[in-house]
Amino acid sequence: MLRLALSLVLLDPAAVAEVSQRNVPVPRVLTPDGDRLGYAPVPRPYTGARRLTGVLLGRDPVAKTDVLCGGTVIGSRSRSLVLTAAHCLYHNGRLLKHLAFLPGFDRGRPPLGVWPVVRAWVPARWRSRPYSPELLPYDVGLVGVAGGKQPLESVTGRGLSPMRTSRGTQLRGLELLGYPAGRGYPGTKMYRCVGDAVEGGSEGPGLMVTRNCHAAAGGSGGPALYGGAVAGVVSSSSPLNDAKGYTVLTRLGGRPFERMFARADREMRLRPAG
């Protein structure tokens, strides 16, 4: 079960974040020029891992809401996989429609193109069980994209390697990337937050928690980077009225992620071209 005493909320990608106060105490903000949530705009041009990061757009046909999440290219043999959060792909047990990935998204423009999603994968328990905090260690998903004859990595460059940390791992100096939306955040440009992460749960592969960053809606699915690899994805946070806010990261560790990644890569490699 979760070690955190405070309540958690999924960063609903269809929601608008209303932020009325400084949610990360000043001494805990590690990001240079970090704001009330610990975030600062990413300088342009986007290079390296930032060029590999973008937005995942979709539509919930039942709720009739548009979805904006983060995602990042993850290195694979198929060269066509994007890492995000499971709740960015499934709402109340149903897969979102019209999903597309826009790498390097900046100021409303997709400089590296629009890549339609052709396949999506999440852990089985995310599809088959009602939401509960015990599912957060499995809030990770993959999508396969196609945009013509070339694979995604031929345009973005080599995807990031997954860092498969085990439960109990603590990481200092993670960089979180995402596209927060709401008051003070346009949802059209990339922000970063530097934070230290500690273990946050004992369910399954565990969770990482940083109290230096307080992610808002739209930040879901963005990568947590460490040493040139991706160690996890932004999953959830304490409520935005929490004066000592924190962010929960789903780590890339354990057999559920490894099996999902292997299956996704195999199915995309076997997928007919065109």
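In this predicted model, the largest nonpolar core counts 48 residues, and those touching the most other members are Leu56, Ile74, Leu83, Leu142, Val145 and Phe257. Two or more residues come from each of β3 (53-60), β4 (65-74), β5 (81-84), β8, β9, β10 (141-145), β18 (229-237) and α4 (255-270). A separate core sits apart from this one; it has 18 residues, including Tyr191, Cys193, Ala216 and Ala231.

Leaving out neighbours up to four places away in sequence, Leu83 is in contact with Ile74, Leu142 and Phe257, among others. Its list of partners also takes in a run of glycines, namely Gly70, Gly71, Gly141 and Gly221, along with Thr72, Val140, Val230, Val233 and Leu252.

Now to the strands themselves. Six of them make a closed barrel in the order β3-β4-β5-β10-β9-β8, with antiparallel pairing. On average, and ignoring direction, neighbouring strands in this sheet are turned by 40° against each other.

Asp106 lies in the loop that links β8 (97-103) and β9 (115-121). Despite its loop position, Asp106 is buried, because its relative accessible area is 11%, below the 20% cut-off. Its side chain makes a polar contact of 2.7 Å with the side chain of Arg44. Arg44 is also one of the residues that Asp106 touches beyond its sequence neighbours, together with Tyr46, Pro111, Thr188 and Lys189.

Gly195 is placed in strand β15 (residues 191-199). With a relative accessible area of 0%, Gly195 is likewise buried. Setting aside residues within four places in sequence, its contacts include the stretch Leu171, Arg172, Gly173 and Leu174. Leu30, Thr210, Asn212 and Cys213 are also in contact with Gly195. As for Gly108, its C-alpha atom is 27 Å from that of Gly195, and the two glycines are 87 residues apart along the chain.

Methods: Residues are numbered from 1 along each chain as its sequence is written. This is a predicted model: local features need pLDDT of at least 70, side-chain atom pairs count only at pLDDT 80 or more; totals for chains, interfaces and linings use all residues. Side-chain values use heavy atoms; hydrogens and water are left out. Helices (H or I, at least four residues) and strands (E, at least two) are DSSP runs, numbered from the N terminus. Buried means under 20% relative accessible area, exposed over 50%, partly exposed in between (1.4 Å probe, protein chains only). A polar contact is a pair of N or O atoms within 3.5 Å; within protein, one must be able to donate a hydrogen and the other to accept it, and residues adjacent in sequence count only if both atoms are side-chain atoms. Contact means heavy atoms within 4.5 Å. A nonpolar core is a set of buried Ala, Val, Leu, Ile, Met, Phe, Trp, Tyr and Cys residues joined through side-chain atoms within 4.5 Å. Two strands pair if DSSP finds at least two bridges between them. Axes are lines fitted to C-alpha atoms, for helices over the stretch in contact, and angles run from 0 to 180 degrees between N-to-C directions.
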